[in-house]
Amino acid sequence: MTQPLGLGGRPLTPAPGAPTPELLVAKFRGHARRLFWSALVLIAVAGACGYFYGNLPAGFHDWMLLAVAGAVVLLLVLLPFLAWWGHVYTITTRRVLERRGVFSVRRRELAHVRGYTLKVKRGLLQRMWGAGTITLNNGIDEPLRLANIPSVELVHEALVDQVEVNQILAHRDAQPLPPGPPPPVPPTPPATPPA
């Protein structure tokens, strides 16, 4: 999402005391590499069904093959995909949101203005894929863990920028506004003489 830029390439800030709109910075899921084994299972099940359909030994029927294949695909392919798809992280200009679940949704959020520490952890495989885990801790609530996210360095920089901007805006808005010029006095209409 692009924003109008001011001096030095920084986004324009609203006037002191004016409400700031909440804009979407990023929306992402965990890295899709965790679905690798599910994809292999799907390919293997499709190959096995194609090979064994109509060629089963005596006593077995094709519907048994399809039922077992359906159960394997449901448990090892569809459920892991729904778990990955239902876990979404959203970064806005005001907060970080974690939404988890497909049917029963749980949400957690952490406001940038309260400030938090960021801890980045990257294992060997995560570094190979450009992924990592960021833990956000404000010292009060339970830490918010953004697990196995892609482009972890870019997300880290975006979070640091949002905390900085929100802290600056909160400090600026906490200061009293300087007194402005007095409002103009409307002219009084001339008095009409009594008749």
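Biologist: At about what angle does α2 run to β2?
Modeller: Helices (H or I, at least four residues) and strands (E, at least two) are DSSP runs, numbered from the N terminus. Axes are lines fitted to C-alpha atoms, for helices over the stretch in contact, and angles run from 0 to 180 degrees between N-to-C directions. Helix α2 lies across β1 and β2. Its angle to β2 is about 15°.

Biologist: What kind of model is this?
Modeller: Residues are numbered from 1 along each chain as its sequence is written, and side-chain values use heavy atoms, with hydrogens and water left out. Local features need pLDDT of at least 70, side-chain atom pairs count only at pLDDT 80 or more, and totals for chains, interfaces and linings use all residues: the model is predicted.

Biologist: How many helices and strands does the protein chain have?
Modeller: The order of elements from the N terminus is β-α-α-β-β-β-β-α-β-β-α. The count comes to four helices and seven strands.

Biologist: Which are the edge strands of the four-stranded sheet?
Modeller: This open sheet runs β1-β2-β3-β4, with antiparallel pairing. Strands pair if DSSP finds at least two bridges between them. An edge strand here pairs on one side only. That describes β1 (24–29) and β4 (106–111).

Biologist: Which residue of β4 is the bridge partner of valine 96?
Modeller: Strand β3 (residues 95–100) runs antiparallel to β4, and six bridges join the two. Valine 96 has its β4 partner in leucine 110.

Biologist: Why is one side of β5 and of β7 left without a neighbour in the other sheet?
Modeller: Three strands form that open sheet, in the order β5-β6-β7 with antiparallel pairing. β5 (117–121) and β7 stand at its edges, so each has a single partner strand.

Biologist: Is glutamine 162 buried or exposed?
Modeller: This residue is found in helix α4, and it touches Val25, Thr92, Thr93 and His112, residues up to four places away not counted. Buried means under 20% relative accessible area, exposed over 50%, partly exposed in between (1.4 Å probe, protein chains only). At 13%, glutamine 162 is buried.

Biologist: How is the pair of tyrosine 51 and phenylalanine 52 classed?
Modeller: The whole structure holds four aromatic pairs. Rings of Phe, Tyr and Trp (its six-membered ring) pair if their centres lie within 6.5 Å; planes under 30 degrees apart count as stacked, over 60 as edge-to-face and the rest as tilted. For tyrosine 51 and phenylalanine 52, the centres are 5.0 Å apart and the planes stand at 80°, so the pair is edge-to-face.

Biologist: And how is the pair of phenylalanine 81 and tryptophan 84 classed?
Modeller: These two are three residues apart in helix α2 (residues 62–85), about one helical turn. Phenylalanine 81 is partly exposed at 35%, whereas tryptophan 84 is buried at 15%. Their ring centres lie 5.8 Å apart with planes at 40°, so the pair is tilted.

Biologist: Which residue lies over the face of tryptophan 84?
Modeller: A charge sits over a ring if NZ of Lys or CZ of Arg is within 6 Å of the ring centre and within 35 degrees of the ring normal. At 5.8 Å from the ring centre of tryptophan 84 lies arginine 29.

Key:
Contact = heavy atoms within 4.5 Å.
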